[in-house]
Amino acid sequence: MPEIIEVEVYRRLADRVTGRTVADVETPDAWYLKGGVRPADVRDAAVGARVEAVRRHGKLLLVDLGEERPVLGLRFGMTGRLVLDDHAPIERLEYGPRRDDPKWNRFALVGADGSRLRMSDPRRLGGVELDPDTTVLGMDAWSITERGLRDALVHGRAPLKARLLDQRRVAGLGNLLVDETLWRAGLDPARPAGTLEAGEIRTLQRRIRSTIRALDERGGSHTGDLQAQRHRDGVCPRDGVPLERRTIGGRTTYSCPVHQR
């Protein structure tokens, strides 16, 4: 959290500054700048630039500052939020604090018109980069194709959930979306990824895209049908049996022992 849906919400918000000129950059937390980037490097890259476009690949937000300047990459980790002036399209994340504290501001672009696009991140697990390498990311989950998913899973001995969480394989999915998608697809998250048959891959590809669309319309990755039962003693909303709780791919996982095979 945030997952692909939340970062897409941030992209829509950041798109409002497209066409505006950057007058200043705020970097109160130099540690938040990654890859050896210094505050002066970000200022040189952004100040005076016109925001040409805002894009997203998986959970990575990309701000294009023009052909002669580096691309600005924003990662939000577990608790990162994006706020434009006083407008926060996501007031709080599922597992984040319920308040907004100025000391959590890690980075901001200040427009010549006075606008302020800031990143708030209590746990500091996100970061800001220049020219992030997007070639290491897999196909974006929002538009993943059947062939792209097959390539991500083929010959995989790792658990299916671990493969789907691997951003090098499929970009954008997080813990909540993977559990919800596999629950809807009827697939066991612990099953070796490479054992899926063609029909199961086709079903999973469709479920990934339909789940993202449905939860985007509802308002976030935390709005899935399974979500209310993702706790100890939770029961499957479909079969009414106790959910199985395991750690898979390093993440707490909930699944139905009846219909997920």
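Student: Leaving aside its neighbours within four places in sequence, with which residues is T211 in contact?

Tutor: This is a predicted model, in which local features need pLDDT of at least 70, side-chain atom pairs count only at pLDDT 80 or more, and totals for chains, interfaces and linings use all residues. Residues are numbered from 1 along each chain as its sequence is written, and side-chain values use heavy atoms, with hydrogens and water left out. Contact means heavy atoms within 4.5 Å. With neighbours within four places in sequence set aside, T211 touches L177, E180, T181 and R184.

Student: Is T211 buried or exposed?

Tutor: T211 belongs to helix α6 (residues 198-218); helices (H or I, at least four residues) and strands (E, at least two) are DSSP runs, numbered from the N terminus. Buried means under 20% relative accessible area, exposed over 50%, and partly exposed in between (1.4 Å probe, protein chains only). The relative accessibility of T211 is 0%, so T211 is buried.

Student: Which strands stand at the edges of the open sheet?

Tutor: The open sheet has four strands in the order β2-β3-β4-β8, with antiparallel pairing; two strands pair if DSSP finds at least two bridges between them. An edge strand has a single partner, so one side of it is left without a neighbour in the sheet. The strands in that position are β2 (53-57) and β8 (127-130).

Student: What angle does the direction of helix α1 make with that of β2?

Tutor: Helix α1 (residues 4-14) packs on the sheet and touches β2 and β3. Axes are lines fitted to C-alpha atoms, for helices over the stretch in contact, and angles run from 0 to 180 degrees between N-to-C directions. For α1 and β2 the angle is about 175°.

Student: How many of the eleven residues of α1 are buried?

Tutor: The buried residues of α1 include I4, V7, Y10 and L13. The helix is largely enclosed by the rest of the structure, because the buried residues number nine of the eleven.

Student: A search of the whole structure finds one aromatic pair. What is the arrangement of the rings of Y10 and F76?

Tutor: Rings of Phe, Tyr and Trp (its six-membered ring) pair if their centres lie within 6.5 Å; planes under 30 degrees apart count as stacked, over 60 as edge-to-face and the rest as tilted. Y10 lies in α1 and F76 in the loop between β4 and β5 (81-84), so the pair ties together parts 66 residues apart in sequence. The ring centres are 4.6 Å apart and the planes are at 50°, so the pair is tilted.
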